[in-house]
Amino acid sequence: LKPTRSQCRKMLAMDQGAVEEWLSEFKTLPETAISSYAASLKDKTSLVPALYKVIRESQSELLEPVCHQLFEFYRSGEAGLRRFTLQFLPELIWCCLSLAASRDLHRSGCIEALLLGIYNLEIVDKDGQSKVLTFTVPSLSKPSVYHEPSTIGSLALTEGALAKHGLSRVVFSGPHPQRETFTAQNRFEVLTFLLLCYNAALSYMSTTSLQSLCQLSSRISTCGYPRQHVRKYKGINTRMSVSSEFLVQLITGIYYALYNGEADMASKALDDVLYRAQLELYPEALLVGNAIKSSLHGGALKSNNEGTRCIQVEITPTSSRISRNAVTSLSIRGHRWKRHESPENSIDAPDSGAVPVPEISVTGVSGERVLNGEMQRHRAEGEAQGVQEPGSDSRADGKSMSEIRRQKSQRRLMEDGANASGRVQY
């Protein structure tokens with residue numbers, strides 16, 4: 001059911017009252033209470049929808065004081081107030097572009113002034129110097145959470161060679177010149193930088209702001225093209241020129257919205273931006289957009305408002321079990337124990353009676369091992385016995401010598417067998 005005229009007037013009166021109260025309370029606020037005031041803005045649930053209505057209604061009398069108040073918020077330097085202003089940035093950009101396309105420059109003056117004011121504040125640092133946004137290329141010569149330079153074992157990457165490769169910085173934005181007015185040449189340069197600042201604070205943006213970003217992406221990509229009728233957008237029909245960098249920043253915000261409760265709107269916005277990038281043949285936007293779209297295959301994205309969701313990443317699957325032939329510390333330890341417990345390799349195991357040890361007896365030889373020194377001693381004793389018994393005949397001497405030779409050969413064979421088998425008693 002559509003609301004009646006009286007209901008609409010009542011709702012407009014309530015929204016206007018909330019905006020007027022918001023405009024008046026900040027002017028009388030002391031500087032010591034700015035931080036607490038910024039935190040209390042989240043509790044004013046009716047304020048943000050009322051401000052969106054004022055921004056979308058270009059003929060509203062409150063538009064100019066609202067833009068001035070938002071600029072004062074951003075110039076205050078308070079992080080909470082700056083983020084409060086940034087959440088309206090997609091809607092402000094769309095109003096600026098749509099009014100410029102309809103040649104209604106008079107009504108877009110306060111919005112352009114707000115956007116230029118935010119841009120001029122962001123391009124300089126606290127000292128007034130031009131800000132240059134850079135990132136550092138990682139170097140193997142510097143330690144990180146992933147590696148230590150000293151642990152790199154390659155001969156080509158020595159410490160001396162790594163020390164020569166210092167950290168290099170790559171500039172991806174800046175320095176930017178200050179702008180006083182919007183022109184056809186600098187419009188998208190300014191808007192692209194503003195979207196870069198918006199994307200840096202995406203995690204603080206509300207659901208309404210993310211929806212506004214998706215609507216901005218779809219409208220600016222399809223206006224004046226056949227796809228506008230598919231989206232059933234009945235706004236302006238004028239084609240808007242866009243830059244490749246501007247589309248890339250739109251895709252960056254859409255990528256965040258995909259996984260943070262706005263999957264349906266973000267998916268449509270991504271298709272629309274890719275549609276426009278194909279028509280314009282912008283390689284950067286096509287590369288980033290198609291990379292995001294290909295990563296969505298197989299991912300169950302659902303439109304929900306349960307908060308931040310994780311981004312799904314494909315990981316190389318691991319084996320469910322360890323191979324039987326895999327060498328582990330446990331298998332090495334078990335193999336070592338088996339080798340030490342083997343009866344053939346044990347040196348002295350008096351109580352290991354599980355495996356019988358064969359005993360070899362030779363004529364005239366006990367079960368003890370006879371060393372080389374003892375062999376010479378036995379030979380000397382035999383010769384001494386031959387001297388002490390002069391009555392023995394030469395046959396007995398020859399028999400004893402042959403017996404000694406036989407025993408020596410037997411001992412030699414047993415010693416060779418003992419070395420081969422590990423442990424033999426004889």
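Here is a short walk through this structure, which is a predicted model.

Let's begin inside. The largest nonpolar core has 83 residues. Those with the most contacts inside this core are W22, F84, F88, I111, L115 and F246. In soluble globular proteins, nonpolar side chains tend to be buried together. Take F88 as an example: setting aside neighbours within four places in sequence, F88 touches V48, L51, Y52, I55 and L70.

F84 also leads us to an open space. Together with L41, K42, Q87 and Y204, F84 lies nearest the centre of the second largest pocket. That pocket has a volume of about 480 Å³, and 18 residues line it. Helices α2 (34–40), α3 (47–56) and α5 (79–86) are the elements that each give two or more residues to the lining. By class, the lining is made of eight nonpolar, six polar and four charged residues.

Next, look at helix α10, which runs over residues 207–222. Its 16 residues reach 23 Å from first C-alpha to last, close to the 22 Å expected at 1.5 Å a residue. Among its buried residues are L210, L213, C214, L216 and I220. The buried residues of α10 pack against α3, α6 (89–101), α9, α11 (227–231), α12 (244–258) and α13 (263–280). After the helix comes G224, with a positive phi near 85°.

Is N199 buried or exposed? N199 counts as buried because its relative accessible area is 12%, and the cut-off for buried is under 20%. Beyond its neighbours within four places in sequence, N199 is in contact with Q249, T252 and G253.

Definitions and conventions. Residues are numbered from 1 along each chain as its sequence is written. This is a predicted model: local features need pLDDT of at least 70, side-chain atom pairs count only at pLDDT 80 or more; totals for chains, interfaces and linings use all residues. Side-chain values use heavy atoms; hydrogens and water are left out. Buried means under 20% relative accessible area, exposed over 50%, partly exposed in between (1.4 Å probe, protein chains only). Contact means heavy atoms within 4.5 Å. On a 1 Å grid over the protein atoms alone, a cavity is a set of points where a 1.4 Å probe fits but cannot get out, and a pocket is an open set with protein on both sides within 12 Å along at least five of seven lines; lining residues have an atom within 4 Å of a point. Grid points are joined across faces, edges and corners, and a volume is the space filled by probe spheres set on the points. Helices (H or I, at least four residues) and strands (E, at least two) are DSSP runs, numbered from the N terminus. Ala, Val, Leu, Ile, Met, Phe, Trp, Tyr, Cys and Pro count as nonpolar, Asp, Glu, Lys and Arg as charged, and the others, Gly among them, as polar. A nonpolar core is a set of buried Ala, Val, Leu, Ile, Met, Phe, Trp, Tyr and Cys residues joined through side-chain atoms within 4.5 Å. The expected span of a helix is 1.5 Å times one less than its number of residues.
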